[in-house]
Amino acid sequence: MDLEEWAPSQSGRLKQDYGPRANYKRRKLKLDRFEGLPKYSLCIRNRLSEITLLQDFKPVEQCNLEYKPEWGSSIDFHFDDFWLWGERLIILNLLSDSFMLFNRDDHYVKVPLPRRSLIIMSGDGRYEWKHAIAREDIQARRISVTFRELSPEFLSGDRAEEGHRIIEIASNLV
């Protein structure tokens, strides 16, 4: 992972993104730079398929985020987009312990993320609770690896043809 280039992202983070580029406001995708998912994560994706809840999970996007305390890294409360990304978000927490914060109707929950832990966000945790990583919870270099699947619109809905193309590209190893 560290042999690949990191690009600046928001809120003091660096990013590596493997997936379709999205214009979220216009709900448009560009596939011109999407060549597939990285070879180095194939072993992780294979391990994910051993989890009963994830046997049919087909990741089409892998987003690596690097956090460092000296950069003031964080991510504000948000939902991952609903029109593009599907039911399950898979987040692997690497290198250091941290916490993920969840918020719904002024209720807050702080969930520990030990180093090398995996969190599966689905159901209400995906659609009803916003999530964040607070600046003060980054104590050492942290890498977050998020895998996303397509929404129903891209699997069997109006954009199924486009979705099948994305799945095809995602099966390539780069």
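Select Glu66 and show its contacts, meaning heavy atoms within 4.5 Å. Not counting residues up to four places away in sequence, Glu66 touches Trp6, Gly12, Arg13, Leu14, Trp71, Ser73, Arg141, Arg142 and Ile143. This is a predicted model: local features need pLDDT of at least 70, side-chain atom pairs count only at pLDDT 80 or more, and totals for chains, interfaces and linings use all residues. Residues are numbered from 1 along each chain as its sequence is written, and side-chain values use heavy atoms, leaving out hydrogens and water.

Now pick Arg141 as well. Its side chain makes a polar contact with the side chain of Glu66, at 2.5 Å. (A polar contact is a pair of N or O atoms within 3.5 Å; within protein, one must be able to donate a hydrogen and the other to accept it, and residues adjacent in sequence count only if both atoms are side-chain atoms.)

Is Glu66 buried or exposed? Glu66 is buried, with a relative accessible area of 4%. Buried means under 20% relative accessible area, exposed over 50%, partly exposed in between (1.4 Å probe, protein chains only).

Next, select residues 61-67. This is strand E5, and Glu66 lies in it. Strands are DSSP runs of E, at least two residues, numbered from the N terminus. Seven of the seven residues of E5 are buried, so E5 is largely enclosed by the rest of the structure. Look at both faces: Glu61, Cys63, Leu65 and Tyr67 are on one side, and Gln62, Asn64 and Glu66 on the other.

Two strands pair if DSSP finds at least two bridges between them. Strand E2 (residues 13-18) pairs with E5 in the antiparallel sense over six bridges; Leu14 has Glu66 as its bridge partner. Strand E12 (residues 142-150) also runs antiparallel to E5, joined by seven bridges. There, Gln62 is partnered by Phe147.

Now show the largest pocket, with a volume of about 1000 Å³. Of its 40 lining residues, the closest to its centre are Lys15, Asp17, Glu61, Cys63 and Arg148. (On a 1 Å grid over the protein atoms alone, a pocket is an open set of points where a 1.4 Å probe fits, with protein on both sides within 12 Å along at least five of seven lines; lining residues have an atom within 4 Å of a point. The volume is the space filled by probe spheres set on the points.)

Last stop: an open sheet of four strands, in the order E6-E11-E8-E9, with antiparallel pairing. Its edge strands are E6 (75-78) and E9 (107-113).
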